[in-house]
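Subject: Structure for your review

Dear colleague,

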Amino acid sequence: MENGEIPENANEHCPGPQSDSAGKSDACEGCPNQQICATAPKGPDPDVVAIAERMATVKHKILVLSGKGGVGKSTFSAQLAFALAAMDFQVGLLDIDICGPSIPKMLGLEGQEIHQSNLGWSPVYVESNLGVMSIGFMLPEPDDAVIWRGPRKNALIKQFLKDVYWGELDFLVVDAPPGTSDEHISIVQYLDAGSIDGAIIVTTPQQVSLIDVRKEVSFCKKVGVQVLGIVENMSGLCQPVMDFKFLRMTEAGEQIDVTEWAREHLKERAPEFLSTIACTEVFDSSRGGAEKMCREMGVPFLGKVPLDPQLCKAAEEGRSCFVDQKCGVSAPALKKVIDKMMENQGLSRMLVDNNA
């Protein structure tokens, strides 16, 4: 328990050896360290001071959260980092999803390793102004499972914040796992809620996701983190008509691929469809979706991003959706969301100053 670190054999939800409730809380019952923690002298964690010194060179810190998994949070985090870097900002992307690190793949960095210098751990760079850190770079094999209790996860998050040398950053984007558990409490405590610009929360339109997002908003309010806004992702499926696959059902219930016939038919009989976008609802949004929830909870609504197969492909290939016209449906929607977030926080002025 050197420097107040949480021991690996501690109970889940351990309050930490330096906490006033160490050895006394319900979470401490049955822990082999309970007596030591209860009687040990308390004091400030020296690592928190080291983290504050390391983070002093980071101007803006943004958390990306979600109430539940599978809503596209990591995709949004990756594209937010790409977008900020394309604006000539110095950007860091920190992946604290310890058990499901997908950021290395979404940034095209699979197979890369962390290097250490006399300044600390060096991020893995996509471009000279976009660095990434993830436990995914530390796994011997990409299929290895991380089977850790809370204390060990917390210790790694602390190490990421204390030992990674980012240099001067305009933005540090933190991709967090779903929910409101150990990782979230740790990142807020170690960074100090007051130094975090705020959190962007990603959801899908249906109630089963929004129920959990309400909990995420409540978490942010309780720990003192500003909600920068809610993004409604997968807000309908949108793609060019000519990108669809067309099927015909037989009386026996079999599907016959008639895509080529349908495309040729449209070219000959209805050429105006060649430049038409088709959209349909995927999730039930009849109860108002994220926009209505934002009005009810008094938090900003940043906008909607449709489910775009081309954006999914960009994420799989680890590339930005903004560099070409392939993501013609989702890229403009994402740009509007990011621009609104920047404008709401007065960061658009920062962009002007940087380019002056």
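Is Cys37 buried or exposed? Cys37 counts as buried, because its relative accessibility is 8%, under the 20% limit for that class. Please bear in mind throughout that this is a predicted model.

**The annotated cysteines**

Cys37 is located in helix H1, whereas Cys14 belongs to the segment before helix H1 (34–39). An unreviewed UniProt entry carries the annotation "binding site" for Cys14, Cys28, Cys31 and Cys37. These residues are spread over 24 residues of sequence, yet they cluster in space, with a largest C-alpha distance of 10.6 Å. The lining of the largest cavity includes Cys14, Cys28, Cys31 and Cys37. Leaving aside residues up to four places away in sequence, Cys14 touches Ile6 and Pro151.

**The disulfide and other cysteines**

The count of disulfides comes to one. Cys238 and Cys279 form this bond, with an S to S distance of 2.4 Å. The torsion about their S-S bond is about 120 degrees, so the disulfide is right-handed. Since Cys238 lies in strand E9 (residues 227–240) and Cys279 in strand E12 (residues 277–280), the pair ties together parts that are 41 residues apart in sequence.

Cys28, by contrast, is in no disulfide; the nearest cysteine sulfur belongs to Cys14, 6.1 Å away. Cys28 counts as buried, at 6% relative accessibility. Cys220 is likewise in no disulfide, and the nearest cysteine sulfur, that of Cys294, is 12 Å away. With a relative accessibility of 1%, Cys220 also counts as buried.

**Strand E7 and its neighbours**

Why is strand E7 described as largely enclosed by the rest of the structure? Strand E7 spans residues 169–175, and seven of its seven residues are buried, so the rest of the structure largely encloses it. Strand E1 (residues 58–66) pairs with E7 in the parallel sense over six bridges. Strand E2 (residues 91–95) also pairs with E7 in the parallel sense, over five bridges. Leu172 of E7 is the bridge partner of Lys61, and Leu172 is the bridge partner of Gly92 as well.

**Two buried loop residues**

Asn129 sits in the loop between strand E5 (124–127) and strand E6 (130–134). Its relative accessibility of 11% is the reason that Asn129 counts as buried. The side chain of Asn129 reaches the backbone oxygen of Ala85 at 2.9 Å. Beyond residues up to four places away in sequence, Asn129 touches Ala85, Asp88, Phe89, Gln90 and Val91.

Ser320 is placed in the loop between helix H10 (309–317) and helix H11 (330–344). Ser320 is buried, because its relative accessible area is 8%. A polar atom of the Ser320 side chain lies 3.0 Å from the backbone nitrogen of Phe322. Which residues does Ser320 touch, not counting residues up to four places away in sequence? They are Gln79 and Phe82.

Yours sincerely

Notes
Residues numbered from 1 in each chain as written. Predicted model: local features only at pLDDT ≥ 70, side-chain atom pairs only at ≥ 80, totals over all residues. Heavy atoms only, no water. Helix = DSSP H or I, 4+ residues; strand = E, 2+ residues; numbered from the N terminus. Buried < 20%, exposed > 50% of the residue type's maximum accessible area, 1.4 Å probe, protein only. Polar contact = N/O pair within 3.5 Å; in protein donor to acceptor, adjacent residues only side chain to side chain. Contact = heavy atoms within 4.5 Å. Pairing = 2+ DSSP bridges. UniProt positions renumbered as here; feature names shortened; annotations may be inferred. 1 Å grid on protein atoms, 1.4 Å probe; cavity = no way out; pocket = protein on both sides within 12 Å on 5 of 7 lines; lining within 4 Å. Disulfide = S-S within 2.5 Å.
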